[in-house]
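Let's walk through this model together, going from a strand to the domains and then into the core. Keep the structure open as you read.

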Amino acid sequence: MAEAVCCDSICLRVLDFSETSQVVTLLTASHGVIRLIAKGIRRIPKKTFSPLMAPLDVLAAGQVVFIPARQDGQLATLTAWDVTDHRPLIRRDYKKIIVTQLLAEVTTAAGATDDATGEMLLELERTIRDLAAADSLRPVVAYLKYAASAAGYGLDMLRCAECKKSLGLHASLQRRSVGLFCDGCCRGESLIRVDRRILSALHRLPSPCNLPVPADQAPADPVALFQAAQLLLFHLRAVLDERLRLITPFQLTYCPPSEWSAAVS
Ligand SMILES: [Zn+2]
């Protein structure tokens, strides 16, 4: 029998598996993104005391105890879950639920290299906390940028993916290509075209853990942040080959009024 592992985690996805069991996806400090079977979890009456009593809901943080899978592709076995933060401030705000669920989707798809799993957990935790505390999309954009790099697909915000020259006043993402293209090299269908000032700001943006606390951050431009978020989401969708089904609900919820004509691809 493999030895049980105990570590911090954030719940990314919950699927009912049978009448009594669920399959959950967790971002763990020790093993990165893993899928676990939680046997019997749906049978526990709400008021009993049990290690699995606390709700195992998407975005909740908690300490998990599990038996790792013996082979790739198998499920680990969840033996205990102790919730440490059920995110009450996120759960009472529809917009924040949408964007944090989108981050859970991105994290599930991106994973992280083995040596960065603990770091990814800290970055996602900080992002969710900052979102709970303030309304800005800045931590979200910082996390999307971080997740792309952690998955090995950092976006070059300074040079054209084709001619390798410094980008001009604007740059575009194209359908069926990866990277940013200058106006001279953009021949396909443009998914999004953004101003160089947004790209320079994005290039300088640190990871969520290296941002000042929300109260100390400079006021943000919601239009620029929304465009930066879209740019990174389209890039992640292309490189991870995932649908990221919450992109459209995110766009519908967060699109600033001035962007309505341009948005929603
Ligand atoms: Zn070019």
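Helices (H or I, at least four residues) and strands (E, at least two) are DSSP runs here, numbered from the N terminus. Residue numbers start from 1 along each chain as its sequence is written. The model is predicted, so local features need pLDDT of at least 70 and side-chain atom pairs count only at pLDDT 80 or more, while totals for chains, interfaces and linings use all residues.

Start with strand β4, residues 61-67. G62, V64 and F66 make up its covered face, and A61, Q63, V65 and I67 its uncovered one. Now look at the neighbours, counting two strands as paired if DSSP finds at least two bridges between them. β4 runs antiparallel to β1 (residues 5-16), joined by 6 bridges, and Q63 in β4 stands opposite D8. β4 also pairs with β5 (residues 76-85), again antiparallel, over 7 bridges; there, I67 has T77 as its bridge partner.

Zoom out, and the protein divides into domain 1 (5-86) and domain 2 (94-259), with bounds from an automatic or database domain assignment. Their C-alpha centres lie 28 Å apart. Each domain puts 15 residues into the contact, where contact means C-beta atoms, placed from the backbone, within 7 Å. On the domain 1 side, β1, β2 (22-28) and β3 (32-38) each give two or more residues, and β1 has the largest share, with 4.

What about the inside? The largest nonpolar core has 69 residues, and L144, A147 and A229 have the most contacts inside it. Such a core is a set of buried Ala, Val, Leu, Ile, Met, Phe, Trp, Tyr and Cys residues joined through C-beta atoms within 7 Å. Buried means 20 or more other C-beta atoms within 10 Å of a residue's own, all placed from the backbone; 12 or fewer is exposed, and in between is partly exposed. Helix α4 (residues 138-150) gives the most to this core, 9 residues. Both domain 1 and domain 2 give residues to the core, so it lies between them.

From L144, follow the contacts to V106, A229, L232, L233 and L236, leaving out residues up to four places away in sequence. Helix α6 (residues 222-240) has buried residues including A229, L232, L233 and L236. The buried residues of α6 pack against α2 (94-110), α4, β6 (170-174), β7 (190-195), α5 (196-204) and α7 (247-254). Just after α6, D241 takes a positive phi of about 55°.

Technical notes: Two residues are in contact if their C-beta atoms, placed from the backbone, lie within 7 Å.
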